[in-house]
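Here are a few exercises to work through with the model open beside you. Try each task before you read its solution.

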Amino acid sequence: MPRLAVAAGLAAVLALSLTAQEPKKDEPKKYKSGDRTRPRPRVVDPGTASTSDAPGRPPADAIVLFDGKDLSAEWVRGGKKADDTKPTWKVENGYAEIVPKGGAIQSIKKFGDCQVHVEWATPKEVKGSDQGRGNSGVYLGGFGEVQVLDSFENDTYPDGQAAALYGKFPPLVNASRKPGEWQTYDIIAHLPKVDEAGKVVRPGRLTVLHNGVLVHHAVEFPGKIGEFGISLQDHGNPVRYRNIWVRKLADYDVGGTPPPEPKKK
Ligand code: MG
């Protein structure tokens, strides 16, 4: 074989192998362990944790949906179907309290992959039982309802107790605090991944922590779930909410830069 042809053949093989190493569209670039060219994670002021007396400060990159003062900027009335009217829930002393028959409220903003933080308290004075005791809920579109209920020494069907994915999955444990005490939900939602043909190639997933305790771990939801508004249910009980915020989630290796070199003395 002439030398030129051999060289051309080698070049073709080399080009092919280089092409094979190129990451496919939407596939994250692969880095070797310890690679210092890898983008740094963004710096985020994490805020402060909440206590039973006071809500904490949200992380710096959170979208605050309720800061204890005003619902009207970020919420409208409506559950599954939102309308354009302002919420009629009572806002005082740093929380919003459901006014029964005031209707559900829904965030005006819609979210995809996200981390949701919600704090809630059921009435200190216990009235009713079972599903009639401190019932409300956090709706996340096609993911359904993360149940809010006074489940402290209050029995009901397991997939309807506090922190249940209502009607589907009971929580892994019952991490409820006493009636009247502030409780937290931290919810991590990932929408399903859909390919170009519209086929779901990775199901939607939901992870939930109740008062910092894991109660659902990457529960898979079949079917297509799109971006959603966050709704809080009016089930006729005066449940309170405070400190509601959302962080949009991105993949690894996005957006960060190395910190500046330390100044020489
Ligand atoms: Mg409910």
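**Exercise 1: Around Asn243**

Leaving aside neighbours within four places in sequence, Asn243 is in contact (heavy atoms within 4.5 Å) with Ser50, Pro55, Gly56, Pro58, Phe66, His117, Val118 and Glu119. Before going on, note that this is a predicted model, in which local features need pLDDT of at least 70, side-chain atom pairs count only at pLDDT 80 or more, and totals for chains, interfaces and linings use all residues. Residues are numbered from 1 along each chain as its sequence is written, and side-chain values use heavy atoms, with hydrogens and water left out.

Task: find the strand that holds Asn243, and decide whether Asn243 is buried or exposed.

Solution.
- Step 1: Asn243 belongs to strand β15 (residues 240-248); helices (H or I, at least four residues) and strands (E, at least two) are DSSP runs, numbered from the N terminus.
- Step 2: its relative accessible area is 7%, so Asn243 is buried. Buried means under 20% relative accessible area, exposed over 50%, and partly exposed in between (1.4 Å probe, protein chains only).
- Step 3: look at the side chain of Asn243, which makes a polar contact with the side chain of Glu119 at 2.8 Å and another with that of Ser50 at 3.5 Å. A polar contact is a pair of N or O atoms within 3.5 Å; within protein, one must be able to donate a hydrogen and the other to accept it, and residues adjacent in sequence count only if both atoms are side-chain atoms.

**Exercise 2: The magnesium ion**

Task: list the protein donors of the magnesium ion.

Solution.
- Step 1: the donors are Asn135 (OD1), Ser136 (O), Glu145 (OE), Gln147 (OE1) and Gln233 (OE1), at 2.2 to 2.4 Å from the ion. Donors are N, O and S atoms within 2.8 Å of the metal (3.2 Å for Na, K and Ca); water is not among the atoms, so sites may look incomplete.
- Step 2: along the sequence, the spacing of these donor residues reads N-S-x8-E-x1-Q-x85-Q.
- Step 3: Asn135 lies in the loop between β6 and β7 (136-140) and Glu145 in strand β8 (residues 145-148), so this pair ties together parts that are 10 residues apart in sequence.
- Step 4: check the accessibility of both, and you will find Asn135 and Glu145 buried.

**Exercise 3: Salt bridges**

Task: which residue forms a salt bridge with Arg247?

Solution.
- Step 1: apply the rule for a salt bridge, a side-chain nitrogen of Lys or Arg within 4 Å of a carboxyl oxygen of Asp or Glu. The count comes to 9 salt bridges.
- Step 2: the partner of Arg247 is Asp61, with the closest N and O atoms 2.7 Å apart.
- Step 3: the pair links distant parts of the chain, as Asp61 sits in the loop between α1 (3-21) and β1 (63-66) and Arg247 in strand β15, 186 residues apart.
- Step 4: Asp61 is partly exposed because its relative accessible area is 22%, whereas Arg247, at 15%, counts as buried.

**Exercise 4: A charged network**

Task: which residues are joined with Lys90 into one network?

Solution.
- Step 1: start from the salt bridge between the side chains of Glu92 and Lys90 (4.0 Å, N to O).
- Step 2: through salt bridges that share partners, Lys90, Glu92, Glu97 and Arg240 are joined into one network.
- Step 3: Glu92 has 30% relative accessibility and so counts as partly exposed; Lys90, at 37%, is also partly exposed.
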